[in-house]
Amino acid sequence: MNKSSKRFLALSHVVLIFLSICIVAPFLLLIISSLTEEKTAVKYGYSFFPKQWSLDAYKYILSNSALFGKAFIITICVTVAGVLIGVLISSMMAYVLSRPGIPGGGILNFYVVFTMLFNGGLVATYLNYVQIFHIKNTYLALLVPNLLCNAFSIIMIKNYFQSTIPEELLEAARIDGASEMSIFLKVVMPLSKPILATVALIIGLAYWNDWQNGLYYLDDATMHGIQNVLNDMNSNAKYLMQFAGSSGVSIPTTTVRMAIAVVGIFPILCVYPFFQEFFAKGITAGAVKG
């Protein structure tokens with residue numbers, strides 16, 4: 001390796017280390033802030049080296065396990081259901097669009113792409129979901145809107161099917177008497193684990209971080225997911241007081257927000273390593289038109 005290559009390699013390492021620090025630092029500050037004593041955080045602000053540590057924020061979360069526990073269960077159930085149904089719907093539609101010479105394929109492709117560029121707007125969308133789908137104040141309000149907005153996933157999976165899965169393999173399955181459903185389930189799906197894992201991660205993140213649907217369609221706070229609880233806390237610190245009762249206990253409102261955020265992102269951080277090996281391959285292959 002010549003000197004020019006060594007200098008470039010060293011510079012690349014420096015840049016990547018700097019970028020990694022920029023990415024990790026906010027998460028580290030978030031965790032440290034959640035472990036900071038309330039008065040210290042209010043007086044001195046958030047710091048990587050707080051003057052006093054405290055677990056009061058996490059103790060408060062544990063003391064209100066009914067509120068936060070139910071919100072987590074709702075979010076987990078909605079996320080799992082949304083991922084399973086979303087991946088299935090997207091992959092089935094993508095398989096249809098990836099078939100060459102399918103009647104009406106051009107129209108269907110145009111329809112999918114069109115929904116990525118234009119929509120009916122917030123008012124029309126709200127009226128449709130409330131008056132036609134009747135999801136107002138139901139748990140479907142947390143599931144259906146995101147479930148129907150997956151055109152990006154369809155395009156990614158379709159491109160992966162077209163660029164990665166050999167048409168000769170599908171033809172061989174047809175010659176052996178396999179139906180299209182059998183080909184899809186037994187041939188296409190097993191060969192598409194990278195893109196399916198990638199889409200599952202993207203859909204899962206969208207559901208886990210969603211708070212708008214709960215804000216628009218749920219009037220009952222007991223049906224809120226964890227992101228809505230966190231959003232309510234950020235919007236109004238007095239939201240915490242209605243769950244404190246008359247005990248007179250001081251509630252660490254500032255650090256509790258940080259603690260809830262830490263607890264909110266922790267499941268995603270645990271799940272991501274299992275998808276990482278598929279993510280780079282899937283996102284690259286799915287983004288390239290075959």
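Asp219 and Lys136 form a salt bridge in which the closest N and O atoms are 3.6 Å apart, a salt bridge being a side-chain nitrogen of Lys or Arg within 4 Å of a carboxyl oxygen of Asp or Glu. The pair joins distant parts of the chain, 83 residues apart, with Asp219 in the loop between α12 (212–217) and α13 and Lys136 in the loop between α6 (121–132) and α7 (144–147); helices are DSSP runs of H or I with at least four residues, numbered from the N terminus. Asp219 counts as exposed at 58% relative accessibility, whereas Lys136, at 24%, counts as partly exposed (buried is under 20% relative accessible area, exposed over 50%, partly exposed in between, with a 1.4 Å probe and protein chains only).

This is a predicted model, in which local features need pLDDT of at least 70 and side-chain atom pairs count only at pLDDT 80 or more, while totals for chains, interfaces and linings use all residues. Residues are numbered from 1 along each chain as its sequence is written, and side-chain values use heavy atoms, with hydrogens and water left out.

## A network of charged residues

The count of salt bridges comes to five, and a network of them links Arg99, Glu167, Glu171, Arg174 and Glu180. Arg174 and Glu171 are separated by about one helical turn, because they lie three residues apart in helix α9 (residues 167–175). Arg174 is partly exposed at 24% relative accessibility, as is Glu171 at 38% and Glu180 at 37%.

One cavity of 30 Å³ or more is counted, and the largest cavity holds about 80 Å³ of space; on a 1 Å grid over the protein atoms alone, a cavity is a set of points where a 1.4 Å probe fits but cannot get out, and lining residues have an atom within 4 Å of a point. Volume here is the space filled by probe spheres set on the points, which are joined across faces, edges and corners. The elements giving two or more residues to the lining are α4 (65–98), α11 (193–208) and α13 (226–235).

Gln227, among the lining residues, is found in helix α13 and counts as buried at 14% relative accessibility. The side chain of Gln227 reaches the backbone oxygen of Trp208 at 3.1 Å.

Conventions: On a 1 Å grid over the protein atoms alone, a cavity is a set of points where a 1.4 Å probe fits but cannot get out, and a pocket is an open set with protein on both sides within 12 Å along at least five of seven lines; lining residues have an atom within 4 Å of a point. A polar contact is a pair of N or O atoms within 3.5 Å; within protein, one must be able to donate a hydrogen and the other to accept it, and residues adjacent in sequence count only if both atoms are side-chain atoms.
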